[in-house]
Amino acid sequence: TSFFSADLPLSGKKALVTAGPTWEAIDPVRYIGNHSSGKMGYALAAQLHRLGADVTLVSGPTNLDAPHGVHFVGVTSAAEMLDACLAYFDHSDITVMSAAVADYTPNAVADRKIKKTGDGLTLELVKTKDILATLGSRKRAGQLLIGFALETHDEQSHARAKLQQKNLDFIVLNSMRDEGAGFAGDTNKITIIDRQNQAETFTLKSKTEVAADICDRIMRMLKPSGG
Ligand code: CTP
Ligand code: CA
């Protein structure tokens with residue numbers, strides 16, 4: 001092995017990874033969130049760094065420490081995550097969006113704590129901007145864009161639709177059906193679906209091993225054909 005990072009497979013490549021949930025404020029003390037732990041995205045950022053890439057990790061709130069050697073950008077809401085991604089995407093060779101971004105956000109944040117008055121409470125929510133689709137529409141030749149899909153039914157057809165609609169190079173389908181898989185735990189069972197409509201299903205493994213499988217696919221796609 002060599003001391004020089006130029007010898008690593010992803011040396012000279014810039015990578016952008018999103019991870020974790022987003023928190024959408026309701027009032028000064030409450031938010032709408034989700035159960036994403038961020039582990040999958042942090043494992044991806046760490047693995048891309050190990051392979052020599054220059055990695056920026058844009059993360060929603062998690063309990064994890066930023067991986068060593070990775071440029072860390074902490075955000076809270078979906079709108080902040082979009083802004084952070086737009087700041088890095090154009091220079092990114094490899095972008096992997098594993099964050100569990102809120103689909104809807106309160107249409108206004110109450111400036112004071114909402115008091116318990118009526119018997120019910122209705123919040124008005126508006127759709128967030130789809131970060132991945134936004135990047136997909138800006139993607140240039142030579143950039144790789146990878147998304148995740150979390151589905152509970154008609155998994156592969158929904159994932160294929162997202163691959164097309166968001167202009168991705170491949171999509172990682174997270175199985176929610178299998179015991180031990182899912183976005184809160186330490187293991188994942190994934191299927192990678194590519195633009196040739198090929199689906200490759202992996203066994204249940206640690207998120208570190210899943211990250212290595214995803215990076216293997218990325219490296220294969222970056223190799224010039226016949227090389
Ligand atoms: N995503 C995003 N911005 C959003 C919503 C989703 O960047 N506002 C990204 C996620 O990071 C993921 C991919 O889009 O890589 C798919 O997310 P998913 O929730 O599975 O799909 P949606 O398009 O949001 O559709 P739905 O939730 O209705 O299945
Ligand atoms: Ca969603």
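**Ligand and ion contacts in a predicted model**

Visitor: Where's Asp103?

Guide: Asp103 sits in the loop between strand E6 (94-97) and strand E7 (104-106). Helices (H or I, at least four residues) and strands (E, at least two) are DSSP runs, numbered from the N terminus. This is a predicted model, where local features need pLDDT of at least 70, side-chain atom pairs need 80 or more, and totals for chains, interfaces and linings use all residues. Residues count from 1 along each chain as written, chains are lettered from A and ligands numbered from 1 in written order, and side-chain values use heavy atoms, without hydrogens or water.

Visitor: What coordinates the calcium ion?

Guide: Asp103 (OD) and Asp103 (OD) coordinate the calcium ion (ligand 2), at 2.4 to 2.6 Å. Water isn't among the atoms, so the site may look incomplete.

Visitor: OK, ligand 1. Which residues come nearest?

Guide: Met97, Ala99, Leu132, Lys162 and Lys166, out of 16 around ligand 1 (a heavy atom within 4 Å).

Visitor: What does Met97 do there in polar terms?

Guide: A polar backbone atom of Met97 is 2.8 Å from an oxygen atom of ligand 1.

Visitor: And which residues lie by a nitrogen atom of ligand 1?

Guide: Ile131 has a backbone N or O atom 3.0 Å from one, and Thr128 has a polar side-chain atom 3.3 Å from one.

Visitor: Which element gives the largest share of the shell?

Guide: E9, with 4 residues. Helix H3 (131-138) and strand E9 (144-151) each supply at least two.

Conventions
Polar contact = N/O pair within 3.5 Å; in protein donor to acceptor, adjacent residues only side chain to side chain. Donors = N, O, S within 2.8 Å, 3.2 Å for Na, K, Ca; no water.
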